[in-house]
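Subject: Structure handover

Hello,

Here is the structure I said I would pass on. Please open it next to this email and follow the notes below.

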Amino acid sequence: MQKFILKLFPEIMIKGPSAKRQMVGQLYNNLLAILQRINPDIKVRKFSDKMEVLTPRDSLPEVRQRLLDTPGIEQILEVLQFDEMDTIDKIKAKIRELVSEKLRDKTFAVRVKRTGKHSFTSIDIERTVGGHLLANSKAKGVSLKNPDVIVQMELIQDQLNFISTKYKGLSGFPIGTQGDILSLMSGGFDSTVASYLTMKRGIKTHFIFFNLGGMAHEIGVKQVALYLWNKFGSSHKVKFISVAFDDVLTEIFRSTPPTYMGVTLKRLMLIASQKVADSMEIDALVTGESVAQVSSQTLRNLALIDQVTNKLILRPLATMNKPEIISIANDIGTRYFAENMPEYCGVISQNPTTHGSFKRMEKIAQKFNYEVLDKAVQEAQYLSIDEIVDDVANLAPIEVVKDLSKGEFVVIDIRPEDECIQTSCKSIKIPFHKLKIEFEKLPKDQEYLFYCDKGIMSQLHAQYLRDAKGYENIRVYRPD
């Protein structure tokens, strides 16, 4: 059996006795739930200031990674345990056996933490073991300040724990100690990092997705939500809520001036999120907004957006720069997902306002038909996060065409602006928010190519119409 000693997040240790017991107990339960799925023989031991995990060695790599990804753990010590180490002579002989070869041509220092009643002190052990290693190895020498190798051990009564490797843990609080939150998840860099940060802080994080891009977009967001949950939050079941927002988007285009479309969309998302959160008895929402990153995220526009809800809104990225956010996404493994995910919220506004008017916003909001929003919320789909595993698999990508001379095509420009691409083939204009209705009216015996600037939205909408509606005559046009 391999042993790990888990040091708790320091903020847990400074809590009052009741709060500390509750957090330690929650971390213990979380570890049991996560690790016994790997191997039922894994054992978790709970102490007031640490945890111990004993695992069969064939499960070691997976257990190690799970511990690194579990909120509440500050440091992970991979140790070898030896019993009946009740004399310094036994200790020094065992340590020489373990490390003498590793010390060749290197400086070293011995560090000991001792608990219990002994006839010797921690300093006695350090000096005796250090002298023994120096005399019985080919070490360069002892260096107390800057050693090449630190020989570290803990002695608890007559149990010796030799620390072979130390890892930095995730820190944060155990999930389940800080309540629930609903994360507005688009699948891009910002929303995935914001969700990770709330999970790391011990908040049970549910996901709500507003579908503007069809089935393929939804599947992409489900993939990244499932990844985040499985990596950092699988000790607790959470919900994934999908709200179809295509009709809401159509109503925005009908009722809202272009300069206010972005702010209006965010306001409607918050209204819908509040309704869902109320039904789930959740008190707070989290978004990935960062001050001034886009037009809807200026302080004035964020104030306009927050006006529509009485929920607490957490914005953990509020003062982060984009490179900082991307760096975190890279570290946690969501960068690949985010790079292939469109940001729909930013594509519907033309000349968006950066300093909206409260009075004008109030007048614009009155023109919106909220029955459309209510219907979208009522028809929202609720899934347990572990139920979407089969839902995100095996979608074949849409074929991309670069040479228009190899067939007879109609190119459909799905960009929201009025401009239509000019090609050697016939080109028509259908903005993406009208595709659901307008594509059904087109001749079925024609081959169609969807076009947009980056090819992402065209890919997703083509995939939706193929997989959800059964159309096989759609491809994507990406000129060189």
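Strands β18 (residues 447-451) and β19 are parallel neighbours joined by three bridges. Strands here are DSSP runs of E with at least two residues, helices are runs of H or I with at least four residues, and both are numbered from the N terminus. Two strands count as paired if DSSP finds at least two bridges between them. Within this pair, F450 has V476 of β19 as its bridge partner.

This is a predicted model: local features need pLDDT of at least 70, side-chain atom pairs count only at pLDDT 80 or more, and totals for chains, interfaces and linings use all residues. Residues are numbered from 1 along each chain as its sequence is written, and side-chain values use heavy atoms, with hydrogens and water left out.

Strand β19 also pairs with β15 (residues 400-401), in parallel and through two bridges. There, V400 stands opposite V476. Which way do the side chains of β19 (residues 474-477) point? I474 and V476 point one way, R475 and Y477 point the other way, and all are buried. Buried means under 20% relative accessible area, exposed means over 50%, and partly exposed is in between (1.4 Å probe, protein chains only).

Elsewhere, eight strands make an open sheet with mixed pairing, in the order β2-β3-β1-β4-β8-β7-β5-β6. Its edge strands, β2 (43-46) and β6, each pair on one side only. Inside the sheet, β4 (residues 73-82) and β8 (residues 159-171) run antiparallel and are joined by nine bridges. Q75 is opposite K168 of β8.

Next, a loop. L144 lies between β6 (141-142) and β7 (149-156), and L144 is exposed, at 61% relative accessible area.

Now the whole chain. The protein chain has 16 helices and 19 strands. Buried residues are 53% of its 480 residues. The C-alpha atoms fill a box of roughly 90 × 55 × 40 Å along the principal axes. How does the radius of gyration of the protein chain compare with that of a compact globule of 480 residues? The chain has 29 Å, while such a globule would be near 23 Å. This radius is taken over C-alpha atoms, and the globule rule is 2.2 Å times the number of residues to the power 0.38.

Of the contacts between residues at least 6 apart in sequence, 78% join residues at least 24 apart. Contact means heavy atoms within 4.5 Å.

Regards
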